Amino acid sequence: MAAIELSGLTRRFKDTTAVDAVDLTVEDGDFLVLLGPSGCGKSTLLRMLAGLLEPTAGTIRIGNADVTALSPRRRGIAMVFQNYALYPHLSVRQNLSFPLRFAKLTKEEKQQKVAAVAESLDIAALLDRKPKELSGGQCQRVAVGRALVRDPQAFLMDEPLSNLDASLRTSTRQELTSLHRQLGATFIYVTHDQVEAMTMATRIVVLNKGRIEQVGTPLDVYDAPASVFVAQFIGSPAMNLVPATVTSRDGTVHLVGEGISVPLWEGETEDLEVYLGVRPEHLRPLTPHESGSAQVRLGCQLTHTEHLGNEEILYGQVAGTEVRIRRPRTGQAHPGPSAPERSADLTFALEHLHLFDRKTGRRLVWLPELAPSTAAEGSHRQPVLPAAV
Ligand SMILES: Nc1ncnc2c1ncn2[C@@H]1O[C@H](COP(=O)(O)OP(=O)(O)O)[C@@H](O)[C@H]1O
Ligand SMILES: [Mg+2]
């Protein structure tokens, strides 16, 4: 297989720019997931890659070859469609050999090819069955196998799990991951489901309105979202984002706001309007014995609790914005409606603080990313604002 390179790839429909100047390299063997809300341009991007839709501008290269003008067949890319599109009246063997019907191979060569593909996908025992005699996961394998007989450079999949029920979705996710490992092939997979992206991708491309917001491993995008959009799109419940201001006071840079006090470092700065971001699992109420001494404080009005069995989500208001706290079940019995409103100070460890420029929505470089180098010099709290990434 070969790397796939998109540059300036654009597609307009009348006044809609569905895909807007996308630059992206897909490495050989990637399980690349294109993730974004409905209408962000995922299918349009995939269809251009497959050669089913002509770009308005930009190029697609596979290996060293410019394939932008090539027909789908000649690109060596296989699209695995959502409903798998198996022929119901044909056996698995006939479904697998169907794409080879015009290939310049002898009958024996075609049979060998089908046998080898069936072997590699663990479906050799199913060759004489009809699709209706297969499970969902097996259908998926046959669909992939049908693409595989043509030795594609990459597999493209557009929301292949969206028609499945929840339990089948989980098992098919595992199937796809192991299939990817086994084949070592490049997969490009479209979904709006963050769980699919987090669980299967080697790299995630987050798309918003036809543009790339961030490219990174699942943990990259979770731990250091590049924008407010990514921060809110990945993680459930979503990251808490509270408007605040970075300002200097008495030689110290603070994050301040209504009920908010977060000392950051010694020094001066120009005021900057930001969103303070902290994930629900990193936020917690102060314990009574901490409440005198804690530096990081968010004054909160707790409103209600959702019990999920193993954990609970506390809801509250900080500076007029809803926040969510996620924590293991506290073990207390909570019969009936949740506890009445009460005020509490919340806190979090500074290493879990995310900051976003409120004007641009972009992430501001902050301690976790810089800690290894700055900590080595013993000056842990470098004033690193406002370098947006
Ligand atoms: N054939 C088309 N004609 C006009 N507009 C289209 C067409 N295909 C897609 N679009 C528009 O392009 C945008 C991106 O669509 P799409 O790529 O299908 O998004 P996604 O797959 O992420 O849901 C949407 O605004 C959609 O309405
Ligand atoms: Mg789509």
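These are my notebook entries on a predicted model of a protein with a ligand.

**Ground rules**

I note that this is a predicted model, where local features need pLDDT of at least 70 and side-chain atom pairs count only at pLDDT 80 or more, while totals for chains, interfaces and linings use all residues.

**Entry 1: the whole protein**

I began with the overall picture. The C-alpha atoms fill a box of roughly 85 × 50 × 45 Å along the principal axes. I found ten helices and 20 strands; helices (H or I, at least four residues) and strands (E, at least two) are DSSP runs, numbered from the N terminus.

Next I looked up burial. Of the 389 residues, 48% are buried; buried means under 20% relative accessible area, exposed over 50%, and partly exposed in between, with a 1.4 Å probe and protein chains only. The accessible surface comes to about 18800 Å², and 50% of it belongs to carbon and sulfur atoms. Such areas come from the Shrake-Rupley method with a 1.4 Å probe, and for residues only the protein chains shown count as cover.

I also checked how far along the chain contacts reach (contact means heavy atoms within 4.5 Å). Among contacts between residues at least 6 apart in sequence, 62% join residues at least 24 apart.

**Entry 2: two domains**

I see domain 1 at 4-233 and domain 2 at 240-376, with bounds from an automatic or database domain assignment. Their centres, taken over C-alpha atoms, are 39 Å apart. Eleven residues from domain 1 and nine residues from domain 2 take part in the contact.

I then looked at Pro237, in the loop between helix 9 (228-233) and strand 11. The peptide bond from Ser236 to Pro237 is cis, with omega near -5°. I wrote a reminder beside this one: most peptide bonds are trans, and most residues other than glycine have a negative phi.

**Entry 3: around ligand 1**

Which residues surround ligand 1? I listed Phe13, Thr16, Ala18, Pro37, Ser38, Gly39, Cys40, Gly41, Lys42, Ser43 and Thr44, where near means that a heavy atom of the residue lies within 4 Å. By class, this shell has four nonpolar, six polar and one charged residues. For the classes, Ala, Val, Leu, Ile, Met, Phe, Trp, Tyr, Cys and Pro count as nonpolar, Asp, Glu, Lys and Arg as charged, and the others, Gly among them, as polar.

I looked up polar contacts too: pairs of N or O atoms within 3.5 Å, where within protein one must be able to donate a hydrogen and the other to accept it, and residues adjacent in sequence count only if both atoms are side-chain atoms. A polar backbone atom of Gly39 is 2.6 Å from an oxygen atom of ligand 1. For a backbone N or O atom of Cys40, the distance to a ligand oxygen is 3.2 Å. Lys42 uses an N or O atom of its side chain, 2.8 Å from an oxygen atom of ligand 1. On its own, ligand 1 has 560 Å² of accessible area, and the protein covers 59% of that.

Strand 2 (16-26) and helix 1 (42-50) are the elements giving two or more residues to the shell. Helix 1 supplies the largest share, three residues.

After helix 1 comes Gly51, with a positive phi near 90°. Is Gly51 buried or exposed? It counts as buried, because its relative accessibility is 19%. Leaving aside neighbours within four places in sequence, Gly51 is in contact with Pro72 and Arg75.

**Entry 4: three more residues**

Thr247 sits in strand 11 (residues 240-249) and is buried, at 14% relative accessible area. Its side chain makes a polar contact of 2.7 Å with that of Asp271.

Asp122 has a positive phi of about 65° although it is not a glycine, and is exposed at 65% relative accessible area. Lys209, also not a glycine, has a positive phi of about 50°, and counts as exposed at 68%.

Technical notes
Residues are numbered from 1 along each chain as its sequence is written. Chains are lettered from A and ligands numbered from 1 in the order in which they are written. Side-chain values use heavy atoms; hydrogens and water are left out.
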